[in-house]
Amino acid sequence: MNYHWNWHIYWEASPDGPTYIHTLLVGLGWTLATALAAWVLALLLGSLLGVMRTTPSKWAVRIGNAYVELFRNIPLLVQMFLWFFVLPEVVPRALGAAIKQMPPPWGSYVPAVLCLGFFTAARVAEQVRAGIQALPRGQNMAGTALGLTLPQTYRFVLLPMAYRIILPPLTSEFMNIIKNSSVALTIGLVELTAAARSMQEFSFQVFEAFTAATLIYLLVNVVVVLGMRVVESRVSVPGFIGRVKIEVAGH
Amino acid sequence: MLGQFDFNVIERSIGYLFREGMTFTLTLTVLAISGGIVFGTLLAMMRLSAFKPLSAFAGAYVNLMRSVPLVLVIFWFYFLVPYIGAWIVRSPQPVQVGAFYSSVVTFTLFEAAYYCEIMRAGIQSVSRGQAAAAYALGFNYWQTMAKIVLPQAFRNMLPILLTQSIILFQDTSLVYVLSITDFLGAASKVAQRDGRLVEMYTFAALVYFIICFVGSHLVKRLQRRIAIVR
């Protein structure tokens, strides 16, 4: 192979930071910041939508279904462009100007977080709905028999158990959001994949750059899986083996 | 608010968008689906085999492909395929592989990992008695797989395979990072040339939405029709 390997490249000086390893770690920081902020948004919005899709109100169900259909049938990259390019043009002029004047990292960061949050909320809504529907119908009826209102039934009876059931699928959604944050490189956010690409462009050491990025993603995955295992063991209810087989494809 | 938008640009460029962009997207999707299902099925069989090194390799491959973002894999193969080509044809220089062929290789190998998991669930959903009966009749492993197990596995998993294919169709839009003219790339080129970002990106989103929405509804109808009552 006619390629010049140089594994010391990580510790050599880079044009945009002290060393290349520093550039990669800053990129990792942006990846995690984007993923965590978007995850919080996705959990809140997705739980709300998932609950809406299981209420007796037909309109709540229709709104929830429409949201999920809309955000699952448009590719993530197209959604990213809509948030970044189209949103400032269709909102009132003052707000649009304010959005366009956001300084560089935030000008890409905020649309990326919003896009990833709304996209993943659709998937979280699917999981939450499946989790609630996996519970026996008697839980709902018992709540009514005890005199709980519908919000109270959700809060004290249904949601605690539903979340424990869907912890494994939620873990894989969290790993998906970390991977999907790489799409933000198209709107100028210098996250890990973009940092690896910039390292490749400045140093011409293609495979070293991408190997480092791959290893970092694998490491983050391992940390997430181990962390979720700890969370699962701490919140598990003894004797309740709820496993929902959600047959969803894809990533 | 909608006054300054010129939706005529869509009408003027629709031929280009569909002739160049959509044909590329559909070609890439079809090639990746067929290659991905073939490799995915092979990987699933490897993963379920009793030969430990084979199943370990398949497991490691699938876990690796599922842990890294597709954008990173696209870049990996864009740079790696010329070197692999050079190794295959024994050339001293990296072989000139265009962006199209490297993206076909990328999507085939990436989606094979996802199709592998689906086919593995499919193969495991066929009852053991089927394979036992086949061996009792004197079939060898390949005959059992080809004539008994895989046809049933495919039928069981057809809706999920189709859903994964719709997701693959959406993911082909990521070849944008290689500046390839797929449907989104074509819309983007027209948008940047004419300065009509809002109109073109909204149109692209609408087209993707219609195709995927119709596709997923057809899959739901198919699922209801071929559901096997056990």
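In the predicted model described here, F77(B) touches S102(B), V105(B) and T106(B), when residues up to four places away in sequence are not counted; two residues are taken to be in contact if their C-beta atoms, placed from the backbone, lie within 7 Å. The model is a predicted one, in which local features need pLDDT of at least 70 and side-chain atom pairs count only at pLDDT 80 or more, while totals for chains, interfaces and linings use all residues. Residues are numbered from 1 along each chain as its sequence is written, and chains are lettered from A and ligands numbered from 1 in the order in which they are written.

F77(B) lies in helix α3 of chain B, residues 70–89, where helices (H or I, at least four residues) and strands (E, at least two) are DSSP runs numbered from the N terminus. F77(B) counts as buried because it has 23 C-beta neighbours inside 10 Å; a residue is buried if 20 or more other C-beta atoms lie within 10 Å of its own, exposed if 12 or fewer, and partly exposed in between. Between F77(B) and V104(B) there are 9.7 Å from C-alpha to C-alpha, although the two are 27 residues apart in sequence.

Chain B as a whole has eight helices and zero strands, and buried residues make up 40% of its 230 residues. Of the contacts in chain B with a separation of 6 or more, 73% join residues 24 or more positions apart. The C-alpha atoms of chain B fill a box of roughly 75 × 55 × 25 Å, taken along the principal axes. Helix α5 of chain B, residues 128–136, is hardly covered, since the count of buried residues among its nine residues is zero, and this helix is followed by G138(B), whose phi is positive, near 95 degrees.

Between the chains, 33 residues of chain A are in contact with 38 residues of chain B. The largest share of the side of chain A that touches chain B, eight residues, comes from α3(A).
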